[in-house]
Amino acid sequence: MDAPLGGRTREEIIERLTIQASDGAAPKLDAKVAETIKQVLQVSGPAPAALKQIRTLTKSVAAKMEPPLKAMEARLAALAALGVDPASVRFVAHFGRNLEYYTGFVFEFWTQGGVEIAGGGRYDTLMESLGAPRGTTAIGCAIRSERLLAAVRGK
């Protein structure tokens with residue numbers, strides 16, 4: 001039996017070296033693609049302009065972004081049909097909810113004064129992860145009623 005080296009057993013050292021070797025052998029992301037990802041994650045602003053910018057950025061690397069961009073445009077069209085100006089919708093590419101069960105589109109609603117009043121998103125695999133036999137299409141949100149009420153009252 002070998003004595004631990006630096007507090008680790010021989011098996012732990014071998015396991016770590018094996019992981020490092022496999023990481024080194026993994027295919028590298030093309031530098032142009034990596035740079036495009038960095039640029040896309042910096043996109044922020046009015047949704048119509050942001051989607052146009054993402055479309056322009058990703059065209060050079062042949063990314064298959066058209067389906068999600070069209071889905072977002074459909075969401076904006078639905079909001080426009082309800083009287084919401086799509087230019088008033090802020091898009092932030094790096095935004096995400098901090099709960100692992102979200103599987104797609106996520107969102108937050110804010111007052112003009114900068115108070116978050118609701119947030120949510122899609123969570124199609126949540127039931128499956130909790131033991132259900134299959135995923136269930138789902139979307140939901142939490143409305144912070146006290147904040148919403150304060151905003152309506154102008155406080």
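Reader: Which residue is the bridge partner of Trp110 in S4?

Author: Trp110 has Glu116 as its bridge partner in S4. Strands here are DSSP runs of E with at least two residues, and helices are runs of H or I with at least four residues, numbered from the N terminus. This is a predicted model: local features need pLDDT of at least 70, side-chain atom pairs count only at pLDDT 80 or more, and totals for chains, interfaces and linings use all residues. Residues are numbered from 1 along each chain as its sequence is written, and side-chain values use heavy atoms, with hydrogens and water left out.

Reader: And what is the partner of Glu108 in S4?

Author: Glu108 is bridged to Gly119 in S4.

Reader: In which sense do S3 and S4 pair, and over how many bridges?

Author: S3 (residues 106-110) and S4 (residues 116-122) are antiparallel, with 5 bridges; two strands pair if DSSP finds at least two bridges between them. They form a hairpin with 5 residues between the strands, and Gly114 in the turn has a positive phi of about 90°.

Reader: What is the strand order of the sheet?

Author: The order is S3-S4-S5 in an open sheet of 3 strands with antiparallel pairing. S3 and S5 (139-143) are the edge strands, each pairing on one side only. From one strand to the next, the twist averages 15°.

Reader: Turning to helices, at what angle do the axes of H3 and H4 cross?

Author: The axes of H3 (residues 47-59) and H4 (residues 66-81) cross at roughly 170° and come within 11 Å. Axes are lines fitted to C-alpha atoms, for helices over the stretch in contact, with angles from 0 to 180 degrees between N-to-C directions. H3 is therefore roughly antiparallel to H4, a term for angles over 145 degrees.

Reader: Which residues make that contact?

Author: From H3 they are Ala47, Pro48, Leu51, Ile54 and Arg55, and from H4 they are Glu66, Leu69, Lys70, Met72, Glu73 and Leu76. Contact means heavy atoms within 4.5 Å.

Reader: One last topic: is Thr36 buried or exposed?

Author: Thr36, in helix H2 (residues 31-41), is buried at a relative accessible area of 7%, where buried means under 20% and exposed over 50% (1.4 Å probe, protein chains only).

Reader: What does Thr36 touch?

Author: Not counting residues up to four places away in sequence, Thr36 touches Leu57, Thr58, Ser60 and Val61. A polar atom of the Thr36 side chain also lies 2.9 Å from the backbone oxygen of Lys32.

Methods: A polar contact is a pair of N or O atoms within 3.5 Å; within protein, one must be able to donate a hydrogen and the other to accept it, and residues adjacent in sequence count only if both atoms are side-chain atoms. Angles under 35 degrees count as roughly parallel, over 145 as roughly antiparallel, 65 to 115 as roughly perpendicular and the rest as oblique.
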